[in-house]
Amino acid sequence: MVINSKSLLNCPVLSLHIEGETARTNSIIVDPDNLKIMAFGVSGPLTGRDGTGDILMTSSVRELNLRVGMIINSADEFVSRGEVVKLDKVLDLNFSLIGLNVVTKKGTKLGKVIDFTVSEDFTVLQLIVKRPLMKALMDPELVISRKEIVAVDDYTVTVRDEEAKLMKQAVSPDDFVPNFVNPFREGNLEPSHKETLDAKDTE
């Protein structure tokens, strides 16, 4: 199942413990190390008080049903900043896919990321790119598969192929092993200094 990221915002979070809604999502936290959603910011009557946090790790989501919501065991699943080291590192980066410029390896600007799709395991599959004004007259949006991504920093997503080839490709939500450059990895946080990822996901 391919899921639009916008459908994951204001999504009910349902607890098996109380058999009802405990919160709703209000933000999406993407790990730039592997382009997967790591967690969601949440708010509701059972968050941020009585020892519960306001962040839901995707590892705590038992089931996702877009007609119902995200199902978790209980509000005890919510965490706070400071409880998960890797989460804190990602939060410190303040990384967001939305708004990043998308360019080809040759420097051709394709547009800006306005949305993205994910798989059921919250892996980013496709980027929805808003085209520059002149190009938008013919094609307002460009859909780019994550297999085309070769580099990510805090300003730009760089893709492998040129614009003409990207527009002709059939986008497929195939499983993908990250192989893009990511400057956010530990010990290498400067956007100008990039490091190649391992050939497999090390999350």
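Mentor: Happy to. Let's begin with D31, which is buried because its relative accessible area is 5%. Keep in mind that this is a predicted model.

Trainee: Okay, and which residue does D31 form a salt bridge with?

Mentor: The partner is K86, and the closest N and O atoms of the two are 3.6 Å apart. This pair links distant parts of the chain, since D31 is in strand β3 (residues 20-31) and K86 is in helix α1 (residues 85-93), 55 residues apart.

Trainee: Is K86 buried or partly exposed?

Mentor: K86 is partly exposed, because its relative accessible area is 34%.

Trainee: How many salt bridges does a search of the whole structure find?

Mentor: It finds four. One of them joins the side chains of R81 and D92, at 2.2 Å from N to O. Here too the pair links distant parts of the chain: R81 sits in the loop between β7 (69-72) and α1, while D92 belongs to helix α1, eleven residues apart.

Trainee: What about the accessibility of those two?

Mentor: R81 has 49% relative accessibility, so it counts as partly exposed. D92 has 57%, so it counts as exposed. The cut-off for exposed is over 50%.

Trainee: Got it. Where are E148 and R160, the pair that meets in a salt bridge at 4.0 Å?

Mentor: Both are in loops. E148 is in the loop between β11 (141-145) and β12 (149-152), and R160 is in the loop between β13 (156-159) and α3 (163-168), twelve residues apart. E148 is buried because its relative accessible area is 6%, whereas R160, at 34%, is partly exposed.

Trainee: Let's go back to that helix. Which residues of α1 are buried?

Mentor: The buried residues of α1 are L87, D88 and V90. They cover an arc of only 165 degrees around the axis, so they are on the same side of α1.

Trainee: Why do residues three or four places apart in an α-helix point the same way?

Mentor: Because an α-helix has 3.6 residues a turn.

Trainee: Nice. And which residues are exposed on the other side of α1?

Mentor: Those are V85 and D92.

Trainee: What do the buried residues of α1 pack against?

Mentor: They pack against three strands: β3, β4 (36-43) and β5 (55-57). D31, where we started, is in strand β3.

Trainee: What follows α1?

Mentor: N94 does, and its phi is positive, near 55 degrees.

Trainee: New topic. Where is R131?

Mentor: Look in the loop between β10 (124-130) and α2 (133-136). R131 has a relative accessible area of 6%, so it is buried.

Trainee: What does the side chain of R131 reach?

Mentor: It reaches the backbone oxygen of L110, at 3.5 Å. The C-alpha atoms of R131 and G111 are separated by 4.5 Å, although the two residues are 20 apart along the chain.

Trainee: One last thing: where does V2 lie?

Mentor: V2 is in the segment before β1 (3-4). With 43% relative accessibility, V2 counts as partly exposed.

Notes
Residues numbered from 1 in each chain as written. Predicted model: local features only at pLDDT ≥ 70, side-chain atom pairs only at ≥ 80, totals over all residues. Heavy atoms only, no water. Helix = DSSP H or I, 4+ residues; strand = E, 2+ residues; numbered from the N terminus. Buried < 20%, exposed > 50% of the residue type's maximum accessible area, 1.4 Å probe, protein only. Polar contact = N/O pair within 3.5 Å; in protein donor to acceptor, adjacent residues only side chain to side chain. Arc of directions from axis to C-beta. Contact = heavy atoms within 4.5 Å.
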